[in-house]
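Visitor: Please take me closely through one part of this model, and go on from there to whatever else can be described with care.

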Amino acid sequence: MNTLTKLALGMMGQLRPKPPEGDPATSITLPPAVQQGGLPLLDALAKRHSSREFAREPLPMAVLSNLLWTAYGMNRPDGGRTAPSALNAQEIDVFVALPSGAYRYDATAHQLHLVAASDLRSITGYQDFVDEAPLDLVYVADHARMGMVPVAQRESYASVAAGAIAQNVYLFAASSGLATVIRAWIDRAAISDALGLSHDQQVLLSQTVGYPKQISGAGE
Ligand SMILES: Cc1cc2nc3c(=O)[nH]c(=O)nc-3n(C[C@H](O)[C@H](O)[C@H](O)COP(=O)(O)O)c2cc1C
């Protein structure tokens, strides 16, 4: 769907999910994530950039597992995560829009839990590439977990935490030959409806990830 159509549908509150590809599993146990190796940090930083052209090729489960662990996985026995949060509130949930359904990433169990048995990729943003890329992440703040944070600071602190997760994904992408872009140009109400979020949950940002689109004729 092109951007103008999405904008028009969004203004009418008519941006709707597509049926899923295949039968969505209620939960998916991810393979153990590889927690070492990859490009040296400075090499990954030298390659970090935003991309807006994606191949349709799905991400293998092992890549998805490594990506989610890098993004916001548990990296210490005390429950610490790969991204910081104010007062360790861990208020961000990472939602994972795949062709087969939308899931919430459970870092403790390193599992995905189904939240919507539909293909929500196309409503995670106004830009057309979000429909075809194999993965759109959505970063959602749960204000109910930020009881210790002053109300006036909650949105900005949560946005900082989501930004740290997004940069983890950028560095993973740079290290793994993937393409990615963080996105704020999104229809938060449509995403919130589609994910069935509560009043406490606030959609902050979305991020597309996939393999870079091959340029026609490359390698011939
Ligand atoms: C908060 C934030 C929101 C952004 N929103 C969008 C967006 O909606 N769509 C998009 O294509 N890029 C978006 N970007 C990506 C920026 O356009 C991109 O980072 C910038 O052009 C610099 O390019 P680089 O990431 O390759 O260095 C966003 C970046 C940030 C930090």
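Guide: His-110 lies in the loop that joins β3 to β4 (helices, H or I of at least four residues, and strands, E of at least two, are DSSP runs numbered from the N terminus). The model is a predicted one, in which local features need pLDDT of at least 70 and side-chain atom pairs count only at pLDDT 80 or more, while totals for chains, interfaces and linings use all residues. Residue numbers start from 1 along each chain as its sequence is written.

Although His-110 is not a glycine, its phi is positive, at about 50 degrees.

If neighbours within four places in sequence are left aside, the contacts of His-113 are Ser-27, Tyr-103, Arg-104 and Asp-106, a contact being two backbone-placed C-beta atoms within 7 Å. Gly-101, 12 residues away along the chain, has its C-alpha atom 9.9 Å from that of His-113.

Strand β4 (111-116) is also one of the elements that cover the buried residues of α6, together with α1 (3-11), β2 (92-98), β3 (101-106), β5 (135-142) and β7 (201-210), among the elements included there. Those buried residues of helix α6 (residues 188-195) are Ala-190, Ile-191, Ala-194 and Leu-195. Viewed down the axis of α6, they fall within an arc of 125 degrees and so line one face of the helix, the arc being that of the directions from the axis to the C-beta atoms. Just past the end of α6, Gly-196 adopts a positive phi of about 70 degrees.

A positive phi is found again at Gln-90, at about 50 degrees and likewise in a residue that is not a glycine. Gln-90 sits in the loop between α3 and β2, and it counts as buried because 20 C-beta neighbours lie inside 10 Å. Ile-92, in strand β2, is buried as well, since it has 24 C-beta neighbours inside 10 Å. Apart from neighbours within four places in sequence, Ile-92 is in contact with Tyr-72, Ser-85, Tyr-139, Val-140, Ala-141, Ala-158, Ala-161, Ala-162 and Ile-165. Val-138, 46 residues away in sequence, is 9.8 Å from Ile-92, C-alpha to C-alpha.

Two of the partners of Ile-92, Tyr-72 and Ile-165, also take part in the meeting of α3 with α5. The axes of helix α3 (residues 61-72) and helix α5 (residues 151-176) come within 7 Å and cross at roughly 140 degrees, where axes are lines fitted to C-alpha atoms, for helices over the stretch in contact, and angles between N-to-C directions run from 0 to 180 degrees. The pair is therefore oblique (under 35 degrees is roughly parallel, over 145 roughly antiparallel, 65 to 115 roughly perpendicular, and the rest oblique). On the α3 side Val-63, Leu-67, Thr-70, Ala-71 and Tyr-72 take part, and on the α5 side Ile-165, Asn-168, Val-169, Phe-172 and Ser-176.

Elsewhere, in helix α2 (residues 41-47), is Asp-43, which is exposed because it has 11 other C-beta atoms within 10 Å. Asp-43 and Ser-175 stand 132 residues apart in sequence, yet 8.0 Å apart in space, C-alpha to C-alpha.

Terms used
A residue is buried if 20 or more other C-beta atoms lie within 10 Å of its own, exposed if 12 or fewer, and partly exposed in between; C-beta atoms are placed from the backbone.
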